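Good morning, and thank you for coming. I would ask you to keep the display in view while I speak.

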Amino acid sequence: MRVEVWNLLLKLENVSSGYNGRDVLHSISLEVTEPAIYVVLGPNGAGKTTLFRTVAGVLKTSSGSVSLDGKDLYTTNEMRREIGYLTHLSALPEEMTVRAALNFYGEIEGGSAEKAIETLGLSDLADKKVSNLSQGQKKRASVAKLFLRERRLYLMDEPTSNLDPIVAKEVRDIILSLSKEKFVMYSSHNLYEAKEIGDYIILVRDGKVGFFGKKEELRTGRYSVGIKASAELSKILPGGRQEKEYYVVDVGGQQDVGALVKKVVDSGIVVYEVKEMGNPLEDLFTEGGR
Amino acid sequence: MGISYVVLGVAMGLILTGVFNYAVGATSGIPASAGVGNITFALGFLVVPFSAMVGLIITMPIYLLFVADKNTGLLEYLLAVGMGQRDVFWGYMKAALGLALVGMGPMILLNLVLARAGFAYAAIETGLGLLTGFSDVALVTVLMTAFSSMQRKPTGMNSPVGITIGIFLVLPELFLVALLGPEIIWLDLALGIAIFVCAAFLLTSIDRLIVREKLLP
């Protein structure tokens, strides 16, 4: 099966932008040339949404330039048609049905609502009012806007936030399928999700890019959990260390804590407290990834 | 909610127009020397301020919709697909003027048909009613979208203020009808032109009034 790879050069050169005359992004330079998943990580207020809005053309730069294939993004709408932008809100008219809302956007930017409904499997929701949808259903309907027509670059601002695990997985699967041929940039607070499906990591801190590279190059600490229990834990959980009243163990992530505690409880020891002692995401946001 | 406003506005306009014209007919026997001016003539001109009021009431959902669309991120998405703030604004303005026509049109037509004070006066009332009504709606729409673009409340908290400003502008036409008598036509004309000029001036300043980043949630 022939896979068509879409070439693209997204270039940000010394880009600063922000709100009310105050810059949130400071002299950011980036080049994106390969179809892949680029995960933009950063703490709240780092500038992730501002970065997406700037690339999408929603915000104009106060300095620097954003170009696609050498053409300035703000001069014409030609390049902006290549971008699909998913905001962190639904951006759907609440009083319309899903089908009517997609038709509305189809009339504005071109494309087929029926194609989008079929691609996202929204037939069961198509005739429901947006205001009557659950959070997860709204997100799926919102994602459908991106599939009205073909694009080369997809910008998704926190596409999996506030979603239950099943819907979050559906959205991640969509991102993965897109990335085979297209360029996908999405933002997240979830380092584990980023490392699971991302190809490149863009770490944004205080409006600057702290790290941009392949995920394998990103150095992070481990997740440390401290357990206060009724007995000594070193035999049950070897490799840990005692820090004051807590026995501290390094694990892969939050998802491993449950199994750890179960192991202690199953051995007949009473667990008084479980405490997060170190979070690599916090370290990443404060120290950077190198 | 939207259809209720339309029905209410059209019904109100038709009823008011019927009442004015009935009053014109009922007072046609009162001589001008009775000390109340030419009340017959003046009552017919009440259609001018009331057409503006009907227009404002019927367009209120547009202002609420603007704030709701801002807070759901819809306006942000429109900016992302290449629309400018001017394009976004004109979409809502066209909707407001269209709705105003739905409200004002039937009452002005009825006024022309009934024409209790004579067709010539009815024609003048029609012209002044359309001038004042559309200008008032346009002015209030500019003011409210400019103010609302700075609001974060999910409901248009400034809608009552906007409607109040619009109604305040035409209040002199209501209260001075009986005092001015035939001269009311000049007040109506002056106010209509003044509101039109204000609206036109603000419309030329849209890009400064509605800042792009204020359309974001």
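Let me begin with the place where the two chains meet. In this predicted model, 13 residues of chain B are in contact with 18 residues of chain A. On the side of chain B that touches chain A, the largest share comes from helix α5 of chain B, residues 74–80, which supplies five residues. By class, the residues on this side of chain B are eight nonpolar, three polar and two charged. As a general remark, the size of an interface is often given as the accessible area lost when the parts come together.

Let us now consider chain B as a whole. How many helices and how many strands does chain B have? There are eleven helices and zero strands. Read along the sequence, chain B therefore gives the pattern α-α-α-α-α-α-α-α-α-α-α. Chain B has 217 residues, of which 47% count as buried. Consider next the contacts in chain B between residues at least 6 apart in sequence: 82% of them join residues at least 24 apart.

Please find helix α3 of chain B, residues 47–58, and helix α6 of chain B, residues 85–114. Their axes come within 7 Å and cross at roughly 150°. The crossing of α3(B) past α6(B) is right-handed.

Which residues of α3(B) and α6(B) meet? From α3(B) come B:Val47, B:Ser51, B:Val54, B:Gly55 and B:Ile58. From α6(B) they are met by B:Leu99, B:Ala100, B:Val102, B:Gly103, B:Met104, B:Met107, B:Ile108 and B:Asn111. This contact between α3(B) and α6(B) has nine nonpolar residues, four polar residues and no charged residues.

I turn now to chain A. Chain A contains eight helices and 14 strands. Along its principal axes, the C-alpha trace of chain A spans about 65 × 45 × 45 Å. Chain A has 290 residues, and 41% of them count as buried. Of the contacts in chain A with a separation of 6 or more, 69% are between residues 24 or more positions apart.

Among the strands of chain A, let us follow one sheet. It is an open sheet of four strands in chain A, in the order β2-β1-β4-β5, with antiparallel pairing. Which strands stand at the edges? They are β2 (22–32) and β5 (71–72) of chain A; each has a single partner strand, so one side of each is left without a neighbour in the sheet. In general, strands of a sheet pair through backbone hydrogen bonds, either parallel or antiparallel.

We can walk across this sheet pair by pair. β1(A) and β2(A) pair in the antiparallel sense over seven bridges, and A:Lys11 has A:Glu31 in β2(A) as its bridge partner. Strand β1 of chain A, residues 10–19, also pairs with β4(A), again in the antiparallel sense, over five bridges. There, the bridge partner of A:Lys11 in β4(A) is A:Ser67. Finally, strand β4 of chain A, residues 63–68, pairs with β5(A) in the antiparallel sense over two bridges. In that pairing, A:Ser67 has A:Asp72 in β5(A) as its bridge partner.

My last topic is the backbone angle phi. Most residues other than glycine have a negative phi, and most peptide bonds are trans. Let us look at some positive values in chain A. In the hairpin of β1(A) and β2(A), which has two residues between the strands, A:Asn20 takes a positive phi near 50°. A:Ser27, although not a glycine, has a positive phi of about 50°. A:Ser27 is found in strand β2 of chain A, and it is partly exposed, with 15 other C-beta atoms within 10 Å. A:Asp69, which is not a glycine, also has a positive phi of about 50°. A:Asp69 lies in the loop between β4 and β5 of chain A. With 13 C-beta neighbours inside 10 Å, A:Asp69 counts as partly exposed.

Thank you for your attention.

Notes
Residues numbered from 1 in each chain as written. Chains lettered and ligands numbered in written order. Predicted model: local features only at pLDDT ≥ 70, side-chain atom pairs only at ≥ 80, totals over all residues. Contact = placed C-beta atoms within 7 Å. Nonpolar A, V, L, I, M, F, W, Y, C, P; charged D, E, K, R; others polar. Axes fitted to C-alpha atoms, helices over the stretch in contact; angles between N-to-C directions. Left-handed = near helix turned anticlockwise from the far one by under 90°. Pairing = 2+ DSSP bridges. Buried ≥ 20, exposed ≤ 12 C-beta atoms within 10 Å, placed from the backbone.
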